[in-house]
Amino acid sequence: MMKKHASRQKRHVTLFVNGERHQLKVGDRSDEVQVTHTLAHTLRETLDLTGTKTPCNNGECGGCTVLMDGVPILSCTTLTVECDGKHITTIEGLRDQKSGRLHPIQQAFVDHDAVQCGMCTPGMIMSLKALFDRRPDATEGQVREAISGNLCRCTGYVKYVEAALDAARVLREVGA
Amino acid sequence: MAQDLKVVGASVPRLDAVAKVTGDARFTVDVKVPGMLHARFLRSPHPFAVVKSISTRKLESLSWVKAVITHLEMKGTVVRGSPIDDKVRYLGEPVVGVAAETEERALEALSLIEVEYEKLPFVRNAEEALRPDAPRLWPDGNLCEWPGKPGGPDKKTVQWTKGDLAQGFAEADVIIESEFATHTQFHVALEPHACVAAWDPAEGQMTFWVSTQHIYWDQQSLAKFLKLPLEKVKVICSYCGGAFGGKLSTLKEYHMVAALSVRARRPVKFVPTREEESVTTALRPPASFYYRIGGKKDGTLTAIDLYCVRDGGPLTANQPKFTLGCTDYVVSYFTCDHVHYEGKSAYTNQSPTAAFRGFGYFEAGTGLEQAVDMFVEKIGMDPVDFYLKNVPRRGALLGADQGVCTTGGIREVIRACADRIGWKEKWHKPGENNLPDGRKHGIAIGFAMGRATMPPIQFAGNTVVKINTDGKVHVFAGVSDMGQGQATGLVQIAAEALGVRFEDVTITWGDTVAPNTAYQGASATTMMSGNATLLACEDAKQKLFKNAAPMLNAPVESLKIENGEIYVADDPKRRITIEAVVSRPGKKVIIGEGNWSMPLAQNQPRAPVVCFVEVAVDTETGKIEVLRLIQGTDCGKIISRERLEGQLQGVLSGGLGFMLLEDWAIDTERMRILNGNMLDYKIFTSLDSTNEAMEPCVIVEDDDPIGPFGARGIGEACLAGAGPAILNAVYNAIGVRFHNTPISVDKVLAALKSGGSR
């Protein structure tokens, strides 16, 4: 707080996105991170990670949920310059990067057909990832609480809950 | 009809599931093209005004403004069924489009544009529109034209009479009159109406990515606007992030973005903000209904009279279909000899309107079934017995077209749902059951029936199937897949028809490179594109057999196909792989063609949904809790149980949400919608239901005689059974009838306080 204009003076912002280090220039040019840019904008436009969606782009629907140091955040209302040094996990970082194998939550969504139009899906999965990282024994109530900020217009949430509880079971088995 | 099916009905993963769970799926909002500009729009601040002049002079010196298009330049262009003239007719109508290097720059430019308006007195709703002294939205008046059938002599009324209404009411022991009014609903598709136009000056070709339900309408509209042959406008929608009927119009913005791309000779992208999406693209319009029904003491309906007026918004678009949906669809719910309906749709200075999982039968049917509920209460009949007695059977002649109903399993669905919920034990007189926690218990049945085909004038399916030299099958079907899993279903149908594995079939969808096909609406794609695919496969199969016959030394008629091989029926050892046939010397790729449509006056496959609910109403807080909800359907042969369940479970969001929670807020002084976002406009969250309350769906597979492998579409009606079910269940709980929507907590409380109906 004391360092007024800290973000303006700083020339770079460093993000660790899905394990990869990105040093991004801060400035006013179109290829630079501007101080007004949200993390969602930087992920989607600068890093071309369009799996993170911005259905409302105003912190209302949860579609842009990513993990920052393991905590689910709304990337559409987080400024990129606030994220210096942070570890960001997006939907693209969930599958096993070497084998390409889907994360158990992703696999459960496929198996349960817990996918319709697909726009809320990445945010939904990221919220569940954050939940299961903390509580692999989560109940239906906790699952519903965790995705209560992720709005979906297609499914009625039934299959999400089924898939999530199934994924939690798999994660517990893998973890055990 | 016992069928030995291997792929249709099997549990196969949806084709785009992995792309969607990994973030690999590129929706329109994700499309990027090198050199892409961004468009923003200056919008009308008035609901109705003459645009006297537009000056964009100040933009001329700005290097970062690459192209401009104004409303006045578009005069004569027909958009959403209405011609552009010098007037703007809704608040937020785009007046000037600007393409600039960035969105911020485009927004900046808007503030430099000068527009002179002459404000006009405006029309707030349908009631105002129909007053004799109302301002006229169009020279011909405020009633939307309906030149089609069934129609009245004024060419503006949907109208039909069967039998003799007076006789029907004379035969009745009990006559019920009832009114019902419904509010506006936002679609809240998670992907907004985004588009990217990429004009290629060298080829003279437009490539247009758009989040849509109808790539071919967009193609036709844009080709006409740009004066190009259809083939020079390529429309692509690989993934559509939700639509629900709201993406059935080629927006004025799409035309303007295309023009901006041509002018700038660069690609241009437009993504509406959430507020623009909510209030300027499309919404479910308000409507009001009047019903008069008569029946005998034994539950026989003798007369149905239905009158409806819709607030159609300022553009013609789909208004006539709405009116038809509110009337003709709904009177077909029940068998009755004497029927009359009349429907009108009025132009108003509200936002443009669109379908919303149905052209209005959700609302109209809800009101009708309230009248039915009053009727059965008066004659002392069990509501389930009434439905069992009156819903149509296979072979019944339906609606004005008097087409033959091909749906046969509705009664079986009703019985199974009633058993599941324990109707016999649980149904009680209104207000007579208190739960142990003091809340009032209510239970009811709801029913809705959509169509699974549309008239050939609107609906024809075209599919091309290619069997390539590796023996693999490719389907070209230009459907949009907005989450219903249509593309996967067509692959299942093709695999089944050609006797190959699911994995051996690929598909091109959402791309106008495939032959022209009607839009994805009205639950009609399964029937339309499913049958077209089936016919294309049949054509391909015959061509394969023709080529295989000399190789197997057997006549064409003796050949059959299974497991990727063609064999001689009475000597199955003589067989040859499909690959061997298409890869032989002088090889020839096999192309099969399929075209399908069905006049409504012939057969009418109908998509029924039965919904039973149990509710608890807290009389202290007014809160309505859905304790149990059972969705049932007879969709003919199931193509995919998972996808079908997904559609039926969608009732929790758009269906129950509309009746209980969602409401718009509008400042009618200015026609400004105040809650065009996802925070102040409340849709169901995951906390508004439980998986325990949402019972497994009851599904009856009574094969449709004209559907592909007996299947028929169902998507639309999935919301609609919940309307009457929830309203009648609340009545059953507290004895209060609500005649307008939504039945929000405050209305319930007020009604309980006053002890009367609302």
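**Exercise 1. A strand and its partner**

Task: In this predicted model, which residue of β31(B) is the bridge partner of Ile445(B)?

Solution. 
- Step 1. Start with the pair. Ile445(B) is bridged to Phe612(B) in β31(B).
- Step 2. Widen the view to the strands. β22(B) and β31(B), the latter covering residues 606-617, are joined by 12 bridges. They run antiparallel.
- Step 3. Sort the side chains of β22(B). Lys440(B), Gly442(B), Ala444(B), Gly446(B), Ala448(B) and Gly450(B) point one way. His441(B), Ile443(B), Ile445(B), Phe447(B), Met449(B) and Arg451(B) point the other way.
- Step 4. Check burial. A residue counts as buried if 20 or more other C-beta atoms lie within 10 Å of its own.

**Exercise 2. The nonpolar core**

Task: Which residues have the most contacts inside the largest nonpolar core, and which helix gives the most to it?

Solution. 
- Step 1. The largest nonpolar core has 295 residues. Ala494(B), Ile726(B) and Val730(B) have the most contacts inside it.
- Step 2. Helix α14 of chain B, residues 525-552, gives the most to this core, with 11 residues.
- Step 3. Look around Ala494(B). Beyond its neighbours within four places in sequence, it is in contact with Val465(B), Val473(B), Val475(B), Val505(B), Thr533(B) and Cys537(B).

**Exercise 3. A sheet with helices**

Task: In what order do the five strands of the open sheet in chain B lie, and which helix packs on β19(B) at about 160 degrees?

Solution. 
- Step 1. The order is β9-β19-β18-β17-β10, with mixed pairing.
- Step 2. Find the edges. β9 (158-162) and β10 (174-182) of chain B each pair on one side only.
- Step 3. Take one pair inside the sheet. β18(B) and β19(B) are parallel over nine bridges. Val309(B) has Lys344(B) as its bridge partner in β19(B).
- Step 4. α8 of chain B, residues 319-331, touches β9, β17, β18 and β19 of chain B, and its direction makes about 160 degrees with that of β19(B). Helix α9 of chain B, residues 361-379, lies across β10, β17 and β18, at about 150 degrees to β10(B).

**Exercise 4. Where the chains meet**

Task: How many residues of each chain are in contact with the other?

Solution. 
- Step 1. Count: 43 residues of chain A are in contact with 46 of chain B.
- Step 2. On the chain A side, α6(A) gives the most, with four residues.
- Step 3. By class, that side has 20 nonpolar, 14 polar and nine charged residues.

Notes: Residues numbered from 1 in each chain as written. Chains lettered and ligands numbered in written order. Predicted model: local features only at pLDDT ≥ 70, side-chain atom pairs only at ≥ 80, totals over all residues. Contact = placed C-beta atoms within 7 Å. Helix = DSSP H or I, 4+ residues; strand = E, 2+ residues; numbered from the N terminus. Nonpolar A, V, L, I, M, F, W, Y, C, P; charged D, E, K, R; others polar. Core = buried A, V, L, I, M, F, W, Y, C linked by C-beta atoms within 7 Å. Buried ≥ 20, exposed ≤ 12 C-beta atoms within 10 Å, placed from the backbone. Pairing = 2+ DSSP bridges. Axes fitted to C-alpha atoms, helices over the stretch in contact; angles between N-to-C directions.
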